[in-house]
Amino acid sequence: MGESITEGTIINWLVNEGDSFDEGDIILEVATDKVDNEVPAPASGKLVKTFFQAKDVVPVGEVLAILEVSEEKISDKTTGGASNQSSASKEFAKREASKRKPQIKKPTGTFTVPSVSSPLGKSDGALFFSPLVVEIAKKHHISFEELARIPATGNEGRLRKSDLFQYIEDGRPYKFAQPVQQDPTAYRIPQLTFDKGKGKIVEMDRMRQMIADHMVYSKHTSPHVTAYVEADMTNMVNWRNANKKAFQEKYGERLTFTPLFVEAVAKAVKDFPNINASVDGNNIIIKEDINIGMATALPSGNLIVPVVKNADTKDLNTLASDVNALAAKARENKLDGDDIKGSTFTISNVGTFGSVMGTPIINQPEVAILALGIIKKRAEVIETETGDEIAIRSMMYLSLSFDHRVVDGFLGGSFVRRVADYFEQFDKDREI
């Protein structure tokens, strides 16, 4: 599922213990980050025993199940019991079960959050959370800081499982609350109750929950500032329209605007390497590789960011091949873990669905993201050798959101202007 993957979450078992299956049947579904993977049966046979259950987080290399392999295809899938297992399979399953307890991976012991104020404003000093509470919190993406705000009814102010479930049922009212400061003049987000209205209830799927948490985290972590420029895309548009057919005949790849955008952005990143960074405490990490993420909508409507690795080292043909392959895998839900790992700078082409411009949210842990609006023809005043003239030009707005902790206005504005310059100065006589 990718070299960078270290663990996966079991979404669902599609075959139960004792059930038979044919080669290629899907035995279970495993999630890694935003990517869901189907695990097919390597051969026909029967599922003897499973060692992990749905929603368990399993490290790479662990044994998930014992399969009893059959040399013949099993056409009629019937459910059998453990009595049908071979003696060897029984013995092996028994040994494995004694070594492993199927449970969700979790830390051991108690956990301390020092000096966190309670929702009522009373400082409780150090708070302790049991492993069970931490396990439930991880499932619901609840941070230690949010746990510390939940009213506790246990002995000595301990947070009980029932307290946590009641808090979740109440809609997590302290989700975005800030710890109460000792300074009486400090601002605290008020706990307001709103009428959310009535209507059809649609539960967020796992990916939508991850996206929601990621977006809220980004807005709370990075002070967002957005800079705008517009670019004359006429040369690039005319060149692409004139060469896209010949390009596909020569290389077998569709020539969309995306590889042209990635090429220009990678060049601008080389010119301004500090935009290709992340923040680690008080340190800024300037990335050596230039890996361009492409925000892409999945068929489900969810968002994912496949990555063009080392974009600055690739020619247009290779970029087009990478972009087309990643887009196809996204449409077919076949992206693997490595396809969405390692992005250092992200672009979002909001123009594909008609938006003039956008204010994108930074893809953490990056420090900037570029939104590209729709390319639209309009009358513009241009300078010529004979003076100013009005001409029909293909124009586009670019908007760069950047983390003002480490990217100031000069760097952010200069970078987005440089991208626009590369668009405008596109060589209209370029050979394919």
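The legends below describe close-up views of a predicted model. Residues are numbered from 1 along each chain as its sequence is written, and side-chain values use heavy atoms, with hydrogens and water left out. Because the model is predicted, local features need pLDDT of at least 70 and side-chain atom pairs count only at pLDDT 80 or more, whereas totals for chains, interfaces and linings use all residues.

**View 1. An open sheet of 4 strands with antiparallel pairing.** The strand order is E4-E3-E1-E6, where strands are DSSP runs (E, at least two residues) numbered from the N terminus and two strands pair if DSSP finds at least two bridges between them. Strand E4 (35-40) and strand E6 (57-59) form the edges, each pairing on one side only. From one strand to the next the twist averages 40°, with axes fitted as lines to C-alpha atoms and angles running from 0 to 180 degrees between N-to-C directions.

**View 2. The pairing of strands E3 and E4.** Strand E3 (residues 26-32) runs antiparallel to E4 over 6 bridges, and Ile26 stands opposite Pro40 in E4.

**View 3. Asn324 in helix H8 (residues 316-331).** Helices are DSSP runs (H or I) of at least four residues. Asn324 counts as buried because its relative accessibility is 16%, buried meaning under 20% relative accessible area (1.4 Å probe, protein chains only). The side chain of Asn324 reaches the backbone oxygen of Arg254 at 3.0 Å. Not counting residues up to four places away in sequence, Asn324 touches Glu253, Arg254 and Thr256, contact meaning heavy atoms within 4.5 Å.

**View 4. Helix H2 (residues 131-139) and its buried residues.**

Conventions. Buried < 20%, exposed > 50% of the residue type's maximum accessible area, 1.4 Å probe, protein only. Polar contact = N/O pair within 3.5 Å; in protein donor to acceptor, adjacent residues only side chain to side chain.
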